[in-house]
Amino acid sequence: MTELNIITLVSVGAHPTSGRARRAEQDARAVELGLRLVGPRLQLLHAGDPQEEALRAYLGMGLDALTVLAQPPRADALPALADYLAGSNVQLVLTGSQAETGEGSGMLPFLLAERLGWPVVVGLAEVEQVENGVAQVLQALPRGQRRRLRVRLPFLASVDNAAPAARQSAFGPARRGQLHSDTVAVVDDPLQAEAQWQPARPRPKRLKVIKAKTGAERMKAATAKASGGGGQVLKDISPEAGAEAIFKLLLEEGVLR
């Protein structure tokens with residue numbers, strides 16, 4: 001493990017309530033995972049503003065330096081990151097699965113791996129072993145399941161909330177750490193120049209679905225009497241009346257707002 005060369009990509013996050021700039025939650029988990037693998041030898045990389053103070057929160061996790069590829073706000077970070085990683089001796093690149101600010105599309109890990117010609121692992125929960133150029137990792141699946149994979153180095157992996165929680169950031173090390181700025185070619189992002197920005201809306205609430213594994217449980221769920229007692233049977237009514245009843249139900253269930 002100690003001979004691995006790991007780079008963690010970090011971004012500027014936003015507090016979900018106040019919107020204040022902070023370290024991104026998933027990126028911090030990626031840093032935590034890297035620290036557990038190689039300790040202070042972990043390298044941090046960011047493409048953006050070298051003066052962004054929120055980046056120091058990553059240094060406060062126990063690292064001395066962070067490399068910043070200087071980019072204006074509307075630049076495309078993909079070419080700069082790909083060129084930097086291609087010219088390094090990195091064996092494993094860790095990222096969060098989705099940025100908290102900007103486009104937040106979650107596509108960067110896949111586009112970056114495509115440019116580098118590397119395999120990509122999503123939902124990385126743990127790196128168990130690295131031997132003879134092959135890593136054995138645990139991938140997080142829905143409902144708490146895990147899948148063991150063997151991946152040849154180098155590769156890129158994204159982490160989410162299944163990864164270990166990030167340690168707290170200490171103020172002293174965060175202030176003492178160095179932000180090293182590198183000058184790189186700037187490529188404009190045409191999508192950001194043409195797109196209209198607006199706050200993201202909450203996802204619609206899903207209706208409750210009864211989940212049963214056996215035939216007996218499914219039959220019981222289908223034949224059980226409703227406990228609410230507030231429903232009504234709609235029969236021989238006009239389409240307008242039926243649509244109005246459905247619309248009212250969706251409002252009551254919180255699917256529509």
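The chain contains 8 helices and 12 strands, where helices (H or I, at least four residues) and strands (E, at least two) are DSSP runs numbered from the N terminus. The structure is a predicted model, in which local features need pLDDT of at least 70 and side-chain atom pairs count only at pLDDT 80 or more, whereas totals for chains, interfaces and linings use all residues. Residues are numbered from 1 along each chain as its sequence is written, and side-chain values use heavy atoms, with hydrogens and water left out.

The C-alpha trace of the chain spans about 70 × 45 × 40 Å along its principal axes. Of the 257 residues, 36% are buried (under 20% relative accessible area, with exposed over 50% and partly exposed in between; 1.4 Å probe, protein chains only). The accessible surface of the chain amounts to about 16400 Å², 51% of which belongs to carbon and sulfur atoms, as computed by the Shrake-Rupley method with a 1.4 Å probe. Among contacts (heavy atoms within 4.5 Å) between residues at least 6 apart in sequence, 68% join residues at least 24 apart.

Helix α1 comprises 14 residues, 25-38, and reaches 20 Å from its first C-alpha to its last, close to the 20 Å expected at 1.5 Å a residue; the expected span is 1.5 Å times one less than the number of residues. Because 12 of its 14 residues are buried, α1 is largely enclosed by the rest of the structure. The buried residues of α1 include R29, E32 and D27, together with V31, L33 and L35. Helix α1 is followed by G39, which has a positive phi near 65 degrees.

Three strands form an open sheet in the order β8-β9-β10, with antiparallel pairing; two strands pair if DSSP finds at least two bridges between them. Strands β8 (124-131) and β10 are the edge strands, each pairing on one side only. From one strand to the next, the twist averages 25 degrees, with axes being lines fitted to C-alpha atoms and angles running from 0 to 180 degrees between N-to-C directions. Strands β8 and β9 are joined over 6 bridges, and L124 has Q139 in β9 as its bridge partner. Strand β9 (residues 134-140) pairs with strand β10 (residues 146-152) over 7 bridges, with A140 opposite R146 in β10. These two strands, β9 and β10, form a hairpin with 5 residues between them, and R143 in the turn has a positive phi of about 60 degrees.
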